[in-house]
Amino acid sequence: MTPDQPAAPRSRPARPGTGRPAPRSGGAPRLREAVRAKGRAPSPARPRATAGASRPPRRPSRGNALDALRGLQQRLRRAWDRPLTAYYLLLGGSLLILVLGLVMVYSASQIKALQSGLSPSYFFRKQLFAAVLGGALMLLAVRMPIKLHRAFAYPLLAVSVFLMCLVQVPGMGIAVNGNQNWISFGGPFLLQPSEFGKLALVLWGADLLARKQDKRLLAQWKHLLVPLVPATGMLLGLIMLGGDMGTAIILTAILFGLLWLAGAPTRLFVGVLAFAGAIGMLLIKTSANRMSRLACIGATEPGAHDQCWQAVHGIYALANGGWFGSGLGASMEKWGELPEPHTDFIFAITGEELGLAGTLSVLVLFAALGYAGIRVAGRTEDPFVRYAAGGVTTWITAQAVVNIGAVLGLLPIAGVPLPLFSYGGSALLPTMFAVGLLIAFARAEPGARAALAMRQPALRKKLARVRRKTMRRPVKRRPSGER
């Protein structure tokens, strides 16, 4: 072969027995064959899952559950530490209790009104009117400055004492259920001055203790007790002249709450408590009616002469309700079996018609009010706000405990209404003013004031946006070619 001739292509030797050429001995085909074989052959370490088999569910480890609980606890703590938490709890909780109370008053009082020859909605209309007036008082309390609240305490105390004295005047005072603690203004309008005495004691006692704390006089027991305890004793004496021991218990609870907030020594606190307990036991033993009420604690039978009739039928109403109740308006005990179904024992009718779910909802709402009041009293630097918030919280919480405890058969029947819930304008008006006082204190916190100030521009923008949308006139679409 000469250099000018092209090189002949190399020919591959044929396979023995075939006419085909043998495969080249390169590395690439062998690598391809190995990869294909590996893809076709199943791996022995990872067997294929059989049809219908499912993977076992993963069980949450104990550490993950604890981490979730810690995270939930931290989120709740952050929500509680927000500056507007107490404000929303007080406003929302009080309004929910009030609305639910109006519904239950209407349901529980229909039969009572018909038996008295009145319209079925008679008691509901009176309670609704009192709620509207109470809403105005609540708004007034929210808008009033703290200085005006302190100045308002002394005239309110003087007016309350004067009206409580008028209760004992023949011809003006009226006895209801054996207790002469009402004043008649003609027709169906009655007033119970002792309910306003609770509010007067809270405001006056808070202002008195705040002034003494500013002068650093509360370290002396004389300044701690005088004139707070003698003034409270005067109110208690006027109340007990009418025989209303339930209201006297609430006033005593308010006094103890104020003393505790003022930092009364343990010996002094226990001494005052023992003295009040001794006076209370003496008053109970000298009255057959009070002794019979004390004997009805935990009763399951009406007893001789049906002295425990009301307490036992309150338990019957709760037992008939079950988990979710018999339905709104479907109570059987309000048909003359349970006395005072719309006042003192409205919680029993709530349990019968709304069940355990309804009663627990009421308890949670009162617990939220109490918790928010404690927060307001604990976070403020103003001594008047601390004493007033603590006094109002003690008042509402103690009255709710006494009322619900009597319905459950755990406490004697004291004849006090459930705050914001039971029928009675004389009890509703000062209570709503007191709740407005708590809301005003919650709004006055520095963090809450700043948060509300930041939300006002955003709220104004939203309102302006809504107004622009509602003010636009809808334009009807016309077919093309028309003008």
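Arg150 forms a salt bridge with Asp207, the closest N and O atoms lying 2.7 Å apart, where a salt bridge is a side-chain nitrogen of Lys or Arg within 4 Å of a carboxyl oxygen of Asp or Glu. The pair links distant parts of the chain, since Arg150 belongs to helix H5 (residues 146-166) and Asp207 to helix H6 (residues 193-214), 57 residues apart. Helices here are DSSP runs of H or I with at least four residues, numbered from the N terminus. Arg150 is buried, with a relative accessible area of 19%, and Asp207 is buried as well, at 0%; buried means under 20% relative accessible area, exposed over 50%, and partly exposed in between, with a 1.4 Å probe and protein chains only.

The model is a predicted one, in which local features need pLDDT of at least 70 and side-chain atom pairs count only at pLDDT 80 or more, whereas totals for chains, interfaces and linings use all residues. Residues are numbered from 1 along each chain as its sequence is written, and side-chain values use heavy atoms, leaving out hydrogens and water.

Helix H6 also holds Lys198 and Glu195, which are three residues apart and therefore separated by about one helical turn. Their side chains meet in a salt bridge (3.0 Å, N to O), and both Lys198 and Glu195 are buried. Salt bridges that share partners join Arg150, Asp207 and Arg211 into one network.

A search of the whole structure finds five salt bridges, and one of them is between the side chains of Asp67 and Arg70 (3.0 Å, N to O). An α-helix has 3.6 residues a turn, so residues three or four places apart point the same way. Asp67 counts as partly exposed at 47% relative accessibility, and Arg70 is likewise partly exposed, at 46%.

Helix H13 (residues 346-379) has 34 residues, yet its end C-alpha atoms are only 35 Å apart, short of the 50 Å that a straight helix would reach, the expected span being 1.5 Å times one less than the number of residues. H13 bends by about 130 degrees at Leu354, the bend being the angle between axes fitted to the seven residues ending there and the seven starting there.

Thr393 lies in helix H14 (residues 383-407) and is buried, with a relative accessible area of 9%. Thr393 touches Gly370, Gly373, Ile374 and Leu438, not counting residues up to four places away in sequence, with contact meaning heavy atoms within 4.5 Å.

Terms used:
Helices (H or I, at least four residues) and strands (E, at least two) are DSSP runs, numbered from the N terminus.
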